[in-house]
Amino acid sequence: MRNIFKLFKKKTSLENNDVQLDMENIPKHIAIIMDGNGRWAKAKNLPRALGHKAGVETIRRIIKEADRLGVKYMTLYAFSTENWKRPKNEVNTLMKLLVQYLKEEISELHKNGVVINVLGDSSRLPNDCIDEIQKAKEITKNNTGIVMNVALNYGGRDEIIRATREIAEMVALGEIKPSEIDDKMFENHLYTKNMPDPDIIIRPSGEQRLSNFLLWQCAYSEFWYSNINWPDFTEEDLRRAIYDFQNRDRRFGAIKD
Ligand code: IPE
Ligand code: IPE
Ligand code: MG
């Protein structure tokens with residue numbers, strides 16, 4: 001029998017506030033482009049930094065809800081390889097917020113069995129950030145709960161170029177033949193090695209673009225956009241995205257009867 005789980009909530013930013021989720025078809029991997037912090041702050045006449053701070057609160061809530069629903073991987077786009085173009089003080093604020101988040105949340109995340117992982121090139125990050133990431137990864141590495149991937153100094157093109165360089169090196173050393181390169185081998189050189197591709201990519205804030213996120217991995221991901229800015233994104237919005245996902249027809253290029 002199908003296990004249908006009914007969820008009701010009074011308040012929602014969505015039109016339909018009564019969502020029935022099929023608990024046997026919860027997406028394994030959800031990826032979120034956490035966008036709209038700046039616009040959220042601007043609309044309230046607040047500095048952008050407070051928008052980012054409010055965005056961190058959303059992370060706390062959404063991770064809990066994803067875990068409760070049985071999602072296995074949650075990838076959060078926190079800082080792109082292009083975000084270095086922002087003013088220095090904004091970049092510093094973002095890095096500080098990350099360090100603060102990890103310091104404050106690590107014991108709670110660990111208690112809940114969360115595995116913390118970082119996608120991207122950490123080497124360019126400030127030292128305290130690198131240290132905190134190392135600690136968080138080490139503490140949570142044997143956990144068996146939801147995997148929380150933080151995409152930090154992450155770029156899809158950068159990731160593909162790195163993988164290509166590593167594989168080219170193996171070819172140059174005569175370890176493999178070019179004809180042996182296939183999807184599986186390539187994936188083993190990506191930050192998401194051994195992880196399933198995202199089932200859904202969620203982008204709040206109204207933008208309808210990938211902004212260099214998971215270019216390889218999202219070949220068949222379902223996209224879900226909404227006008228809500230990330231600080232206002234609720235648990236119910238997450239459930240709505242999952243509900244819509246469950247009503248999509250995924251064909252992967254094939255034809256269904
Ligand atoms: C997302 O919010 C956070 C990062 C990109 C780091 P933004 O800062 O991009 O917010 P908007 O797009 O300016 O509203
Ligand atoms: C994408 O958002 C990166 C993150 C959310 C971390 P941006 O705000 O940087 O993307 P663009 O510039 O609008 O494409
Ligand atoms: Mg933005």
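**View 1. Contacts of K193.** K193 touches E187 and N188, residues up to four places away in sequence being left out; contact here means heavy atoms within 4.5 Å. K193 is situated in the loop between α6 (183–187) and β7 (200–203), where helices (H or I, at least four residues) and strands (E, at least two) are DSSP runs numbered from the N terminus. With a relative accessible area of 43%, K193 is partly exposed, the classes being buried under 20%, exposed over 50% and partly exposed in between (1.4 Å probe, protein chains only).

The model is predicted: local features need pLDDT of at least 70 and side-chain atom pairs pLDDT 80 or more, whereas totals for chains, interfaces and linings use all residues. Residues are numbered from 1 along each chain as its sequence is written, chains are lettered from A and ligands numbered from 1 in the order written, and side-chain values use heavy atoms, without hydrogens and water.

**View 2. Strand β7 and its partners.** Strand β3 (residues 29–33) runs parallel to β7 and is joined to it by three bridges; strands pair if DSSP finds at least two bridges between them. I30 has I200 of β7 as its bridge partner. Four bridges link β7 to the parallel strand β8 (residues 222–225), in which Y225 stands opposite R203. I200 and I202 point one way from β7, I201 and R203 the other way, and all are buried.

View 3. An oxygen atom of ligand 1 lies 2.9 Å from a side-chain N or O atom of D35. For the side chain of R48, the corresponding distance is 2.8 Å.

Terms used: A polar contact is a pair of N or O atoms within 3.5 Å; within protein, one must be able to donate a hydrogen and the other to accept it, and residues adjacent in sequence count only if both atoms are side-chain atoms.
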